[in-house]
Amino acid sequence: AQQRAWRVVCEGRDGSVRIEPAAHPPGATIEVRDLFFNTPARRKFLRAEKTEYVRVEDVVKRVALSHFGVEFSLRHNGRQTHSVRAATSQSDRERRVSALCGLPFIENAWYLDGERAGLRLWGWLGAPTFSRGQTDLQYFFVNGRSVRDKVLTHAVRQAYQDVLYQSRHPAYVLFLELNHREVDVNVH
């Protein structure tokens, strides 16, 4: 079977799409450049360049943590800031978590993997001594989808209540897997 690759380019103010044949190894490459070039109407909503970069970086981290089998790289101002290879083994996954969340996190985290009543919870929990002053290292995924949910956050915080000071926050990268029919993906 002959493999074909295509390059799809969407650029400019009109957003016209150009499709052309291309040479490419198996898989897909998605590249976004000059993300905010065409935003005069929203310019007043944009923050400083560093702030906007941190927001983009957070999105890339969340997607990279939820898709271990995909390679990711992030460049900013011509400099590569993140590059993680596809992770197939447990040690590869730990290396990826370390690259995205920092070596101190993975060195101070416990791996858990438990299943009960059709639910599987797995991932890394930071030791209480690795608590944070902010919630920057709290990643929760349901069936591979990043979620920020007060009930889930509260449940994890309750589990740490006896070992954390009031103003500290636990660090974690957790994955909850359950039957997809049990999840309403439209709840925000």
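This is a predicted model: local features need pLDDT of at least 70, side-chain atom pairs count only at pLDDT 80 or more; totals for chains, interfaces and linings use all residues.
**Loops, a central strand and a ring cluster**

Asparagine 77 sits in the loop between β3 and β4, the latter being residues 79-84. Asparagine 77 has a positive phi of about 50 degrees, although it is not a glycine. As background, most residues other than glycine have a negative phi. Is asparagine 77 buried or exposed? Its relative accessibility is 64%, so asparagine 77 counts as exposed.

There is a second case in another loop. Alanine 117 lies between β5, residues 109-116, and β6, residues 119-126. Alanine 117 is not a glycine either, and its phi is positive, at about 50 degrees. With 78% relative accessibility, alanine 117 counts as exposed.

A positive phi near 50 degrees also turns up at asparagine 143, in the hairpin of β7 and β8, which has 2 residues between the strands. That brings me to β7.

Which strands pair with β7? One is β9, residues 172-177, which runs parallel to β7 and is joined to it by 5 bridges. Within that pairing, valine 142 has leucine 176 of β9 as its bridge partner. The other strand to mention is β8, residues 145-147, antiparallel to β7 over 3 bridges. There, phenylalanine 140 is partnered by valine 147 of β8.

Next, the helix α1. Helix α1 has 18 residues and reaches 26 Å from its first C-alpha to its last, close to the 26 Å expected at 1.5 Å a residue. Its buried residues are Glu52, Tyr53, Glu57, Lys61, Arg62, Ala64, Leu65 and Ser66. What do the buried residues of α1 pack against? They pack against β3, β4, α2 (residues 90-101), β7, β8 and β9.

Now the aromatic rings. The count comes to 8 aromatic pairs. One of them is formed by phenylalanine 68 and phenylalanine 175, with 5.8 Å centre to centre and 50 degrees between the planes, and this pair is tilted. Phenylalanine 68 lies in the loop between α1 (49-66) and β3 (72-76), and phenylalanine 175 lies in β9, so the pair ties together parts that are 107 residues apart in sequence. Both phenylalanine 68 and phenylalanine 175 are buried. Beyond that pair, ring pairs link Phe68, Tyr111, Trp122, Trp124, Phe141 and Phe175 into a cluster.

Last, the cysteines. How many disulfides does the structure hold? The number is 0. Cysteine 10 counts as exposed, because its relative accessibility is 54%. Cysteine 101 has a relative accessible area of 10%, so cysteine 101 is buried.

One of its residues, Phe141, belongs to the ring cluster.

Conventions: Residues are numbered from 1 along each chain as its sequence is written. Side-chain values use heavy atoms; hydrogens and water are left out. Two strands pair if DSSP finds at least two bridges between them. Helices (H or I, at least four residues) and strands (E, at least two) are DSSP runs, numbered from the N terminus. Rings of Phe, Tyr and Trp (its six-membered ring) pair if their centres lie within 6.5 Å; planes under 30 degrees apart count as stacked, over 60 as edge-to-face and the rest as tilted. Buried means under 20% relative accessible area, exposed over 50%, partly exposed in between (1.4 Å probe, protein chains only). The expected span of a helix is 1.5 Å times one less than its number of residues. Contact means heavy atoms within 4.5 Å. A disulfide is a pair of cysteine sulfur atoms within 2.5 Å.
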